[in-house]
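Got the viewer open and a cartoon on screen? Let's take a walk through this one, a selection at a time.

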Amino acid sequence: MTFSDFDLHEPCVKALAEQSIITPTPVQSEAIPMVLTGKDLIAVAQTGTGKTLAFTLPSVKRIVDNPRKGTRILILVPTRELCVQVHRVVEGMADAANLTTALIYGGVGYEKQTKALRKGAHIAIATPGRLLDHIDQNNANFKNLSALILDEADRMLDMGFFPDVKDIITHLPKDRQTLMFSATFQDAVARLASNMMHNPEKIVIGTIAKPVDAVTQKLYPVLPERKLRLIDEILSEAQPESCMIFLRTKVRTEQLTEMLKNKGWKVAQIHGDRSQGQRQQALDGFRTGKYRILVATDVAARGIDIDGVSHVINYDIPDNPDDYIHRIGRTARANTTGDAYTLVSPGEFQALGAIERTLGHAIPREERPDSPRVISVFKPEGKKGTRGRRVRSMHRRRR
Ligand code: AMP
């Protein structure tokens with residue numbers, strides 16, 4: 001099957017072919033025909049599955065076939081970075097279809113955004129807070145809105161954006177199409193969906209909240225004070241082409257960045273205290289290969305799409321399984337493979353247990369002579385391996 005098999009806007013299909021994007025991914029094959037019918041849709045799909053084109057291609061076709069004034073497609077996303085990333089994909093399709101776009105997020109001036117909205121940009125990609133500011137200032141015209149798309153709905157929930165989303169919806173026409181994309185489908189997400197959608201179709205791609213199989217995962221048990229040394233060892237051994245390292249706090253992100261710089265690594269960082277310009281510069285430098293390592297906090301790194309990330313390292317284990325899955329989803333995107341390494345210290349075993357329970361298996365251990373013994377609540381049923389490994393490591397320590 002190719003994109004030409006669907007009733008899509010021909011110039012968009014051609015533009016994709018020029019980027020060698022010819023065969024639809026599973027979420028695209030399932031979502032495109034449904035969205036073309038105008039039905040509401042909930043798609044549970046992991047990050048990196050091609051979600052953006054899955055909603056953009058059919059939505060663009062629908063508005064090209066039925067041209068009207070004002071903003072026709074509104075895409076709500078949780079973070080500025082995701083806004084920029086979604087825009088990058090949408091822009092290509094918009095250009096091919098002679099449509100205009102507006103990029104709406106906080107932390108930057110209003111003028112350019114106001115102009116784009118007032119001119120009636122056909123497609124707006126927005127974070128909820130800033131969009132509400134523009135709605136308050138009467139800058140946006142959604143009278144003829146064709147489709148509302150919520151991207152990464154679960155993260156919008158986590159970040160407390162649902163009240164803003166509900167507020168925005170009161171300013172949109174009722175006869176619109178609504179599409180919701182989410183990596184997980186928690187109760188609160190389901191409730192929001194039932195309040196704002198009409199008999200949605202639902203598709204689930206792959207297993208819910210499971211990482212792509214192409215990621216090779218490893219667990220490095222380590223004492224907290226040895227983490228710095230271990231990460232230097234891991235990087236020296238792996239010599240990653242491009243590596244994202246995740247930490248829990250901004251301060252730790254700053255510290256690790258400094259330390260890696262001192263060791264001679266080409267490293268950039270993104271976290272909440274960096275300005276939009278600094279973050280973009282870091283991302284651009286990472287994308288182009290100027291920096292081989294990008295050190296990041298979860299929130300800052302959410303939804304960032306960088307092709308060809310070879311390694312993801314969890315310097316701090318994430319507090320919840322969803323974050324783990326999102327982090328390791330940064331690698332092995334769009335049919336490549338990747339490695340995800342997680343450092344875990346004795347104070348973090350509870351978080352590890354939750355992650356392993358969600359995964360349904362223990363993460364293979366990569367032990368060093370000074371590794372502490374891992375105690376994970378996860379007990380694999382009828383599976384070989386973890387217990388064996390644990391017993392072996394206990395024996396090793398007794399020797
Ligand atoms: P997304 O899940 O939308 O963030 O997409 C992840 C990456 O996959 C993006 O860089 C897309 O350009 C790429 N991509 C999307 N669809 C396809 C496809 N059908 N074939 C190859 N690459 C794709």
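In which sense do strand β12 and strand β13 pair, and over how many bridges? Select residues 311-314 and 338-344: β12 and β13 pair in the parallel sense, over four bridges. Zoom in on Asn-314 and you'll find it standing opposite Thr-342 in β13.

Before moving on, some ground rules. This is a predicted model, so to speak: local features need pLDDT of at least 70 and side-chain atom pairs count only at pLDDT 80 or more, while totals for chains, interfaces and linings use all residues. Residues are numbered from 1 along each chain as its sequence is written, and side-chain values use heavy atoms, with hydrogens and water left out. Helices (H or I, at least four residues) and strands (E, at least two) are DSSP runs numbered from the N terminus, and two strands pair if DSSP finds at least two bridges between them.

**Stop two: the seven-stranded sheet**

Next comes another open sheet, of seven strands, also parallel in its pairing: β3-β4-β2-β5-β6-β1-β7. Colour β3 (101-104) and β7 (201-204): they stand at the edges with a single partner strand each, so one side of each has no neighbour in the sheet. The twist averages 10° from one strand to the next.

Inside this sheet, select β5 (147-150) and β6 (177-182), parallel strands joined by four bridges. Ile-149 stands opposite Leu-179 in β6. Helix α9 (residues 187-196) packs on the sheet against β1, β5 and β6, at about 170° to the direction of β6. Helix α2 (residues 26-36) lies across β1 (41-44), β6 and β7, running at about 170° to β7.

**Stop three: salt bridges**

With a salt bridge taken as a side-chain nitrogen of Lys or Arg within 4 Å of a carboxyl oxygen of Asp or Glu, the count comes to 21.

Lys-227 lies in helix α10 and Asp-316 in the loop between β12 and α14, so the pair ties together parts 89 residues apart in sequence. Are these two buried or exposed? At 3% relative accessibility Lys-227 counts as buried, and so does Asp-316 at 0% (buried is under 20% relative accessible area, exposed over 50%, partly exposed in between, with a 1.4 Å probe and protein chains only).

Finish on Asp-370 and Arg-226, a salt bridge at 2.8 Å. Asp-370 counts as partly exposed at 30%, as does Arg-226 at 29%.

Technical notes:
Axes are lines fitted to C-alpha atoms, for helices over the stretch in contact, and angles run from 0 to 180 degrees between N-to-C directions. Contact means heavy atoms within 4.5 Å.
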